[in-house]
Amino acid sequence: MSDKLTLAEKVWHDHVVAPGADGEPDLIYIDLQLLHEVTSPQAFEGLRMSGRTLRRPDLHLATEDHNVPTVGVVGGNLLDIKDLTSRTQVATLRKNCEEFGVRLYPMGDVKQGIVHTVGPQSGATQPGMTIVCGDSHTSTHGAFGSIGMGIGTSEVEHVMATQTLSLKPFKTMAVEVSGTLREGVTAKDIILAIIAKIGTGGGQGHIIEYRGEAIRKLSMEARMTICNMSIEAGARAGMIAPDQTTFDYLEGREFAPKGADWDAAVAYWKTLPTDEGAEFDTVVHIDGDALTPYVTWGTNPGQGLPLGSRVPDPEDFITDAAKAAAAKALKYMDLTPGTPLRDIAIDTVFLGSCTNARMEDLRLAAGVLRGRHINPNTRMLVVPSSAEVKRQAEEEGLDEVFRAAGAEWRTAGCSMCLGMNPDQLAPGERSASTSNRNFEGRQGPGGRTHLVSPLVAAATAVAGHLAAPADL
Ligand code: SF4
């Protein structure tokens, strides 16, 4: 191996407990495991059955997010959760965290939120770490220059018991985004354009490093949006090298190092960026200057196009498999080839999820909605990704902007990102959603999802059809 290393290789090598021989998995030390109510119960039960404890409970952090309702929550009252299965999962997490000594942010707590917002906002997510969670979008944490991976339930248990994980070696991919984004183009448009280019399997086996001028200019919140959707390109993780933007975001946060420890940490973090001359297995280029707002038309995140396009004709795809996939997607989405994407009427706009419901996202959307009213045929849900984001947004008066425009202002949770709580699409209902998955039924059985940025979401709510702020 070359002595020039990529960011991902440096972080990986610093965590090898026992190397695997000839492509066999390495045993990797895990710095932080995040937990939520859906994928942790079996893991805790496995520990209990085998009479084990958590090796490092202090390196675990739990929150309630997937199953929590986003209306009528006044505290941590379990009876606010009407669905029995959901209530049982949340109750079980509370019992498990108490028994095994894990810090938990329950529904109604000022620190509660979606697991991938809670880690960064508390400063638990830091550069150079290995972070896992039983949730695909753990890739979000790579925005800090950490390796963030979603894992399965048996692996969650393994980490609980040993604080290590056996992981296969990976390939490296550089996605270079050059130039400067135009006004109205955001991180969500970058990542939708990347996935449209490389496909939902394009990142398979790779850890992607997002690089280039357009990436370096992004805020931490925008970087999280990009890394969040790495998994939608099939990648094992997505990363962005830590820099001054990263350090400024982290300094002073609850779990960030303090004093001399902070100085030592920053000195280490500055060694992490990819060495000059290091080679990637795969390199992809995206022209940031040329990007415009992107939306998806189909049923996977790779089926996206610039908003100014028309619904594609399946016959225009090259392979038979792609033709068949497009035809199936259009049937489910009830769309006709040739229709301008801007003509697609939207029933529901969802501004939420771990992809796009942080402060910056809410500010962008509120900027579009201020002084405007949403279309009478469209409803809009605004669901902050954490209680802290909600508090801050209310301090800035953003809740008033959303309410005055006719949107619903909710409490924090995964909400309509997935059909696992009361916020769901009805069969046939069509959404413009700032979340990350548009699979059949993802937002509720029979629901149809178009993935969009917060700016496009807000403009769409006003127009009643897919639109950008410039269209208003
Ligand atoms: S918001 Fe969606 S993608 Fe994110 S953690 Fe919740 S369910 Fe998963």
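In which sense do strand β15 and strand β16 pair, and over how many bridges? The close-ups below come from a predicted model, and the opening view takes up this pairing.

**View A. Strand β15 beside strand β16.** Residues 348-351 make up β15 and residues 379-382 make up β16; the two strands pair in the parallel sense, over four bridges.

**View B. The open sheet of five strands.** Stepping back from that pair, we meet five strands in the order β17-β16-β15-β18-β19, with parallel pairing. The edges belong to β17 (408-409) and β19 (448-451); each has a single partner strand, so one side of each is left without a neighbour in the sheet.

**View C. The largest nonpolar core.** This core holds 73 residues, and Val175, Ile194 and Tyr210 have the most contacts inside it. Helix α6 (residues 187-198) supplies the largest share, eight residues. A second, separate core has 44 residues, among them Ala365, Leu369, Ala407 and Ala461.

**View D. Around Tyr210.** Neighbours within four places in sequence are set aside here: Tyr210 is then in contact with Val175, Ile191, Ile194, Ile215, Ile226, Cys227, Ser230, Gly238, Met239 and Ile240.

View E. Around the ligand you will find His66, Ile114, His116, Asp135, His137, Ser353, Cys354, Cys414, Cys417, Leu418, Asn436 and Arg442. Sorted by class, this shell has five nonpolar, five polar and two charged residues.

Definitions and conventions: Residues are numbered from 1 along each chain as its sequence is written. This is a predicted model: local features need pLDDT of at least 70, side-chain atom pairs count only at pLDDT 80 or more; totals for chains, interfaces and linings use all residues. Side-chain values use heavy atoms; hydrogens and water are left out. A nonpolar core is a set of buried Ala, Val, Leu, Ile, Met, Phe, Trp, Tyr and Cys residues joined through side-chain atoms within 4.5 Å. Buried means under 20% relative accessible area, exposed over 50%, partly exposed in between (1.4 Å probe, protein chains only). Contact means heavy atoms within 4.5 Å. Two strands pair if DSSP finds at least two bridges between them. A residue is near a molecule or strand if one of its heavy atoms lies within 4 Å of it. Ala, Val, Leu, Ile, Met, Phe, Trp, Tyr, Cys and Pro count as nonpolar, Asp, Glu, Lys and Arg as charged, and the others, Gly among them, as polar.
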